[in-house]
Amino acid sequence: MPPLVRVEHLEKRFGEVLALDGVDFDVESGEWIAIMGPSGSGKTTLINILGGLDHPTGGRVEVDGADISNLAEGDLTRYRSEKIGFVFQQFHLVPYLTAVENVMLAQYFHSITDEKEAAEALQRVGLGDRLDHVPAQLSGGEQQRVAIARALINHPKLILADEPTGNLDEANESVVLDLFRQLHAAGHTILIVTHSQPIGNLADRRVELEHGRLARISAPSLTKK
Amino acid sequence: MPTRSMFLRILWKLFGASRGRLTLALVALASGAAVCSALLNVDLDAGRKLTQEFRTLGANVVIAPLPAGGDAALADAGVMDRIAALRIPQIFAAAPYLYVAANSGTQPVILAGTWFDPAEKINSWWKVEGNWVSRGGESSDGLTQCLVGSAAARQLGLAQGSRVELRSGDHSISLIVAGIVTTGGSEDNQIFTRLDLAQDLAGLPGKVSLVQLSVSGTASEIEGVTSHLAAALPGLDVRPVRQIAAAEGTILGRIRGLIFWTIALILSLSMLGVLASMAALAMERSKDVGLMKALGGSVPRIMRLFLAEAGALGVVGGTIGFVIGVVLARWIGGRVFGVAISPRLEVFPVTVALTVAVALAGALPLRLLGRVRPAEILRGE
């Protein structure tokens, strides 16, 4: 069975700066991968390219059997709505929509909206009593759980999380990490960008970047190419 | 839930979230629409009333026989039926005239035979001392009435109620003076009576010297009517009375030009007001748009939301503006033109359409949001 994600000689250049320099790795379906490295090592650039938010300047990225490296803008938009679930460090909820509407927004751009399904997704992350609250009425942890429910609502192939606990206190971090554990146990494929070693240790494998290059992949199951 | 409902739900929330800036844009749109609606109402209604008022200033088109052999031939009175059969709506009134050289005693005088009803409509500005000739042209004691020009009245020593005997060749008629007319023109030297009597006196039954018409409209509309009549009445010379037609047309044209350019200016200012609000809104919404794009929202789908928002603002602003404009038009009508302006319903769709167009043009900055790169926005750049 081919890997869900295949990254080959990936390169991303911003002017003179080489943010990613020949990165190669695979991700199997159902794996939890932690992408680690110091600031400026290219973690966010990598996750943006995997999520179809940016184009690589070299190399190839294949997700679910499709090469996304050179997709046109319209195809990338469809790719994001159908294959990817994003969780951001800053939560990025629409401030004037309620929790359930924020989840429905992802449904709206994917296909059709189903408020009952959106409410159930929020109940699964423990926010059944917060459906009609706007982000300003929710704590940071609750907002991140709304973002996780939104990321899951369209049954994406890949969940991409960029420092999802970076803005949370310890208690909320624990709640959010528990959710990721449950998602992993349910068979979701997760790529999580983190600085935190303890969070990195929760993953099946750790992809470590330094100066845009793949420094090491620190798990025995790794298939380094 | 159907996707359309979610579209409306997001749209509603967008209004709520940005009500401050959108209210400013709405005020700009409604103000522009109010002035636009008021001026359009004024243009349509006061324009119509002004052309009616112009029609009291006298004939502006004359139909006469073409000169033949140096003598003016006479037209057949059937020309009046042919003009009526054309059913030209701009013709306000048409009066035939037959001029007859007659004598009152030894004094020569011009007798003008006409139809008094249309002649009065065309020449309502004439100053008449006494009365206009009554319907039927006869006084209560059965005498045939006439109007006498003020100069002729002085020359012949006539006053209201005087009797005058006119002779032409072997024929003569006896008339009673209903009123003395002063125009300041050649009419002051003439005596006016029924057309058929003048024809009998001259021995020219069914003949007229010319037809005076009062035609409403702009200079080009009057030219159009003139051409139409000329084509339909071969052998007759149809010509506008240049000074009157041109002056009326010029005044109307200038009023319309003033109204058009004022509307254009006001709508441009409204658009600038909307542009300012929308530019600020675009800055505020760039993060939301970046997020929507990251979630798989296509540019056309996201832009539809913002354009629908601008369009809805235009509809609401246009409707409010139309209502305010009707009130404003009544005020302008009373103050400036001295006539009550009646609201015209056809102004409503025009006002709303113009306001929607202005709102969409003013929403141009929101369209730039289509260029937002989600990766940069979500990184906080």
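Student: Which strands does helix α5(A) lie across?
Tutor: Helix α5(A) lies across β6 and β7 of chain A, and its direction is at about 175 degrees to β6(A). Helices (H or I, at least four residues) and strands (E, at least two) are DSSP runs, numbered from the N terminus. Axes are lines fitted to C-alpha atoms, for helices over the stretch in contact, with angles from 0 to 180 degrees between N-to-C directions. Residues are in contact if their C-beta atoms, placed from the backbone, lie within 7 Å.

Student: What kind of model is this?
Tutor: This is a predicted model, where local features need pLDDT of at least 70 and side-chain atom pairs count only at pLDDT 80 or more, while totals for chains, interfaces and linings use all residues. Residues are numbered from 1 along each chain as its sequence is written, and chains are lettered from A and ligands numbered from 1 in the order in which they are written.

Student: In what order do the six strands of the open sheet in chain A stand?
Tutor: Strands of a sheet pair through backbone hydrogen bonds, either parallel or antiparallel. Here the order is β6-β7-β8-β3-β9-β10 in chain A, with mixed pairing. Two strands pair if DSSP finds at least two bridges between them. β6(A) and β7(A) (residues 158-162) run parallel and are joined by four bridges, and F86(A) is opposite L160(A) in β7(A). Helix α1 of chain A (residues 43-50) also lies across part of this chain's strands, namely β3, β7, β8 and β9, at about 150 degrees to β8(A).

Student: How do helices α3 and α5 of chain A cross?
Tutor: Two packed helices are described by the angle between their axes and the distance between the axes. The axes of α3(A) (residues 99-110) and α5(A) (residues 140-152) come within 8 Å and cross at roughly 30 degrees. α3(A) is therefore roughly parallel to α5(A) (under 35 degrees; over 145 is roughly antiparallel, 65 to 115 roughly perpendicular, the rest oblique). Residues A99(A), N102(A), V103(A) and A106(A) of α3(A) meet V146(A), A149(A) and R150(A) of α5(A). By class, this contact has five nonpolar, one polar and one charged residues. Ala, Val, Leu, Ile, Met, Phe, Trp, Tyr, Cys and Pro count as nonpolar, Asp, Glu, Lys and Arg as charged, and the others, Gly among them, as polar.

Student: Is D129(A) buried or exposed?
Tutor: D129(A) counts as exposed because it has 9 C-beta neighbours inside 10 Å. A residue is buried if 20 or more other C-beta atoms lie within 10 Å of its own, exposed if 12 or fewer, and partly exposed in between, with C-beta atoms placed from the backbone. D129(A) sits in the loop between α4 (115-124) and α5 of chain A. Of the 225 residues in chain A, 50% are buried.

Student: How many residues of β11(B) are buried?
Tutor: Five of the five residues in β11(B) (residues 190-194) are buried. β6(B) (residues 107-114) runs parallel to β11(B) over five bridges, with L111(B) and I191(B) as bridge partners. β8(B) (residues 144-149) pairs with β11(B) in the antiparallel sense over two bridges, and L147(B) is opposite F192(B).

Student: How many residues of chain B are in contact with chain A?
Tutor: On chain B, 21 residues are in contact with 26 residues of chain A. Helix α1(B) gives the most to that side of chain B, with six residues.

Technical notes:
Contact = placed C-beta atoms within 7 Å.
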